[in-house]
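Opening the notebook on this one. I want to look up a few spots and jot down what turns up.

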Amino acid sequence: MPTHFPQLNRALALAMIPALAACAHTAAYPGVDQQALAALADMPAGEISAPTLRNVTATLASDEFEGRAPGTPGEEKTLDYLVERFAAAGLQPGNKGSWFQDVPLVELTAEDLSPLQVAGKGVPLTIPAGSGWIGVSYREQPAIDLANSEIVFVGYGINAPEKGWNDYAGIDMRGKVALILVNDPDYESPEATGLFEGRAITYYGRWTYKFEEAARQGAAAALIVHDDFPASYGWNVVESSWGGPQSHARRADGGADQPLISGWVSKPSGEAIIRAAGQDLRQLSRAASRRGFRALPLGLTAEASFRNTARPFASKNVVGILPGSTRPDEYVLYTAHWDHLGRCPANDAGDDICNGAIDNATGTAALVALGEAHVRAGPAERSLVFLAVTAEEQGLLGSEFYGSDPIFPLSQTVGGVNMDALYPTPPARDVEVVGAGKSALDSYLDAALRALGRRAMRDAAPEAGFYYRSDHFSLAKRGVPMFYVKTGKDLVDGGRAAGQAFAAHYRDNIYHGPDDEFDPDWKWDGMVLDLQLYYRLGRMLANSGDWPNWYAHDEFRHIRDASCNQGQGC
């Protein structure tokens, strides 16, 4: 029998709720019919099965699955098991009769990096590889040779038409090196307000965006000037993260549209380059933080080279669907990543399997449990898609491939819910909303939480940019509004202290290690309560006629608008 957790006491909850009014950016929710939304929120609770959550988590996290690394026997076992569970839940194959979407991947390794040679104005510089600069190439070619390429300081490397900001205005970057500052122009603001949300980093501040925009501009190379404070980590992290193999979704053109080199220079190296051009990095950074900044050619050139080894391999996303009853060509997504790290450094007991029980066997189990619940309730008006993606741990690669080659058109995808690392704690009075104040999905979450007698809390660390670090982001950056709502900290049993203690213990002792194992003593009622929320969010979207949009200020609004103008939906 499905297990239910009764709603929290409404009187207590209403006394506690600042609800999402504290999280919403504005009272005007674009693309949402508020009157119809109130009616949609009044629905039966989802029949979430605690035994399903327990059994699927235990199976996926068992040693037999070897940590579920893509491209290993653990993947094959995982795929077989998920198809079995999706079919038993009553879902249908989601990709033209197949349960799978092939995800071609490639591992690229840069070796024998040369120094970065900077010349011009009579002041040659030799910047050593490793301690002074580091780079990779997303091009699948054996040798990378950047020769005599002009360096252009492009500020923060941002092109944000909705904000009236374009650091590349008036400059042709083809064949040139883009020298880029880390983070956003207003990162030093103590508040999460301002054109670029102040201390709350936007996607424009993420290194991934900066490399993507440099590619769109046709740059031969993109080099970010690292700085510990705005990056929130030291140069040692850059060296360790970028000094080995890098996996990516394979591109049809073999990465030919990418810069020859994407990489970093240390802050002292960046200062030396700017100084060689007769400029001061601090002064240029201040100028770049103001509207109207224009890219500055430095009168310098750069050269660098390295060997580039490509190893292609393949993995799969798993796709199930519950077709809609009246609008089957409009889609609502549930996403979770099935993969984990596979074998890893052993703990003191000699265990070298990173089982990934919490991260993310729980989220994958949630996909199965939600599929069961929606099938029991019968088809919604729109189609519900259950997408278990691969290679999240290697950089959101499975969801990135789906975003670039979607099975269902993104212009016909209303929105979705992502689930990553669900905590097996007692029920929480609250949920943590990562990405609040970005889209009209706030309105749906507000209505669902009120119906369940719970409250929302803002992201506790907006400067960390967690909204840009899980699989929903691969859809969001292409314009599809996505929920990322995590387990709250204010537990019914033990309060906020207990919730924070569990989160800290998981982060410090369990996360990405061999001790992330299934525990038969875990309690599931808190997770069931969270899944009832996720069920309600998906069901409300699937039964509405709305196309919730990003707020006008948001970095993804213009992308969604363009998608809607070209497509059949929204």
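I'm working on a predicted model, so local features need pLDDT of at least 70 and side-chain atom pairs count only at pLDDT 80 or more, while totals for chains, interfaces and linings use all residues. Residues are numbered from 1 along each chain as its sequence is written, and side-chain values use heavy atoms, with hydrogens and water left out.

**Helix α5.** I looked up α5 (residues 207-216) and found seven of its ten residues buried (under 20% relative accessible area, 1.4 Å probe, protein chains only; exposed is over 50%, partly exposed in between). Helices here are DSSP runs of H or I with at least four residues, strands are E runs of at least two, both numbered from the N terminus. Lys210 and Glu213 are among the buried ones. The cover includes β9 (177-181), β10 (221-225) and α7 (235-242). Just after α5, I noted Gly218 with a positive phi of about 85°.

**Thr364.** This one sits in helix α10 (residues 357-377). Is Thr364 buried or exposed? Buried, at a relative accessible area of 0%. Skipping neighbours within four places in sequence, I list its contacts (heavy atoms within 4.5 Å) as Leu60, Leu82, Ala336, His337 and Trp338.

**Arg539.** I placed Arg539 in helix α15. Arg539 is buried without a salt bridge (a side-chain nitrogen of Lys or Arg within 4 Å of a carboxyl oxygen of Asp or Glu). Its nearest side chain of opposite charge, Glu381, is 9.2 Å away. Beyond four places in sequence, its contacts include Met43, Tyr334 and His374.

How values were computed: Lys and Arg count as positive and Asp and Glu as negative; His and the chain ends are not counted.
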